[in-house]
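Biologist: Before I work with this structure, I would like to learn how to read its features one at a time. Could we take them in turn?

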Amino acid sequence: MLRYLIQTFGCQMNVHDSRRIEEVLYARGYEATDAPELADLLLFNTCSVREKADHKLRSMVGTFRELKERRRDLVIAVAGCMAQQRGEALLSEIDLVDVVIGPDNIPELPELVRHVRSGGPPIARTVFDMDAPSFLTAQVRPERPEVCAYVTVMKGCDERCTYCIVPYTRGAERYRCADDIVAEIKTLCAGGVREITLLGQTVNSWHEPGDSGGESRFAALLERITREVPELWRLRYTSPHPRHVTDALIDAHARLAVLPAHVHLPVQSGSDRMLRLMLRRYRRQDYLDRAQALRRARSGFTLSTDIIVGFPGETHADFEATLSLVREVGFSGVFAFKYSPRPHTPALRLGDTISEELKSERLARLFEVADELQQRHLQSLLGTTLQVLIEGPSKSAGAQPANCVRVSGRSERHEIVHVDAPSGLDLSGQLLEVRIDQAYKRSLVGTPLEPWPEVASMPASAAKSKTAVRLPLMVT
Ligand code: SAM
Ligand code: SF4
């Protein structure tokens, strides 16, 4: 039996791809290991959105040189965006790499590993499946139950934001048909999944493949999933593009309780001049209007966002416009990045005009504002009751009472909530009513309103239905 170890970098799309890679390997008899020295295949699933990710990969692979020299049969593979972007060149750029495999070639991985293990030369496969797009379907594995899962609805991107490498690493937009999306969600829910996040680079531009109008039918897709998979508790999506936040989508947020009262809606900048240079295809006011409409659709609605600081030519006034937009929207979370020039992108022509020092200064100021907003939001939840879908053991190091373990999950709005539960209770997949007692910098701590013994004395499947609070479906 061959063993594999996968190291994943980057976004949810890569996390999702890593799961599919695991399933392809599992189907061919591979077994997972956490120990590199026991692995026959070390796979790095990479990101190339920012240059830092490139450097990280190179230094990470380098740490396995000694192991590779000792274990000549160890295969080192690179997958993901960097594999797609560099292709065959990566084989000579990092001499330890044996296999380079693009996101659309995942099913070929076992064959490529076999080729190298039987003495073949290093090999690269990075061909887009433009003619017959395929979407790998999740395989439910009862021995590894999941509470939350990703389902891809589209891949690639046609937006061509001037700073972004994704259209070159993931190719043109390809859509998955609704029948397949619904079928995959049903299978996952039958296997115990309670929360689905629909994935796509511009997820809300979704329409049926071959739909000649190409107009977003995303709201109709959400509605269909809600109707046909009533056992689903929560339906999220990421990342939506602001220009595809249609009235129908806003209306869906008002009517479908399965949609949480939160959206991650990347804005990138609050300056119209920057948005134009970035080719974001909306103005500051358009974004503010959409954000406000979402807020009106559902009480307590929160938004988080992505922002790039130090885009070429960003002036003090442009940056101040971003800060003022962040304050005006009152984001509950901000993911901010320093602009990083990427190969092939149109923004390269603009140069990298903002010094590293100024980028760092702006990033720090932005985080200051974002942290203050997040703190204010988390503090406002003290004493309230949230419905928390428990995902598993907590990563937080908070002090726990004796005989307790800390577990964590997400609220309906996506806040991370920790709960101290008696040791020995498996609460994964439980939807608990939790009173919030404490706010950390980025998460909350609370106490369940239901008594523990009720959960403890039941088998997991029964406990699930007993403790689940199914929200009413508000379809008019
Ligand atoms: N498709 C999504 C969207 O439109 O927002 C996000 C895709 S991208 C992988 C995630 C985030 O990385 C972007 O929202 C942007 O803020 C950031 N990003 C992309 N290219 C970048 C670059 N060249 N430099 C810095 N940040 C970048
Ligand atoms: Fe990149 Fe823009 Fe496409 Fe997002 S929408 S993946 S930022 S090109």
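Modeller: The expected span of a helix is 1.5 Å times one less than its number of residues, and helices (H or I, at least four residues) and strands (E, at least two) are DSSP runs, numbered from the N terminus. This is a predicted model, in which local features need pLDDT of at least 70, side-chain atom pairs count only at pLDDT 80 or more, and totals for chains, interfaces and linings use all residues. Residues are numbered from 1 along each chain as its sequence is written, chains are lettered from A and ligands numbered from 1 in the order in which they are written, and side-chain values use heavy atoms, with hydrogens and water left out.

Biologist: Which residues of H14 are buried?

Modeller: Buried means under 20% relative accessible area, exposed means over 50%, and partly exposed lies in between (1.4 Å probe, protein chains only). An α-helix has 3.6 residues a turn, so residues three or four places apart point the same way. In H14 the buried residues are Lys359, Arg362, Leu363, Leu366, Val369, Ala370, Leu373, Gln374, His377 and Leu378. Their cover includes S13, H13, S14, strand S18 (431-439) and strand S19 (443-448), where contact means heavy atoms within 4.5 Å.

Biologist: How many residues does H13 have, and what span should they give?

Modeller: Helix H13 (residues 316-329) has 14 residues, which at 1.5 Å a residue should span 20 Å, and the distance of 20 Å between its end C-alpha atoms agrees. Asp318, Phe319, Ala321, Thr322, Leu323, Leu325, Val326 and Val329 are its buried residues, and these pack against helix H11 (272-278), helix H12 (284-297), strand S13 (302-309), strand S14 (333-338) and helix H14 (356-380). After H13 comes Gly330, which has a positive phi, near 70°.

Biologist: Which residues come nearest to ligand 1?

Modeller: A residue is near a molecule if one of its heavy atoms lies within 4 Å of it. Around ligand 1 there are 15 such residues, of which Tyr163, Gln201, Gln268, Asp306 and Ser340 come nearest, and S13 and S14 each supply at least two residues of this shell. By class, the shell has 6 nonpolar, 4 polar and 5 charged residues; here Ala, Val, Leu, Ile, Met, Phe, Trp, Tyr, Cys and Pro count as nonpolar, Asp, Glu, Lys and Arg as charged, and the others, Gly among them, as polar.

Biologist: Which polar atoms of the protein lie beside the oxygen and nitrogen atoms of ligand 1?

Modeller: A polar contact is a pair of N or O atoms within 3.5 Å; within protein, one must be able to donate a hydrogen and the other to accept it, and residues adjacent in sequence count only if both atoms are side-chain atoms. For ligand 1, an oxygen atom is 3.1 Å from an N or O atom in the side chain of Arg50, a nitrogen atom is 2.7 Å from a polar backbone atom of Gln201, and an oxygen atom lies 2.7 Å from a polar side-chain atom of Asp306. The protein covers 92% of the 550 Å² of accessible area that ligand 1 has on its own, an area computed by the Shrake-Rupley method with a 1.4 Å probe, where for residues only the protein chains shown count as cover.

Biologist: Is Arg234 buried or exposed?

Modeller: Arg234, in strand S11 (residues 234-238), counts as buried because its relative accessibility is 5%. A polar atom of the Arg234 side chain lies 2.8 Å from the backbone oxygen of Gln387, and the side chain of Arg234 also reaches the backbone oxygen of Arg410 at 2.9 Å.

Biologist: Where does Glu31 lie, and what does its side chain contact?

Modeller: Glu31 lies in strand S2 (residues 31-32) and is partly exposed, since its relative accessible area is 34%. The side chain of Glu31 makes a polar contact with the side chain of Arg3 (3.3 Å). Thr33, in the loop between S2 and strand S3 (41-46), counts as buried at 11% relative accessibility, and the side chain of Thr33 reaches the backbone nitrogen of Ala35 at 3.1 Å.
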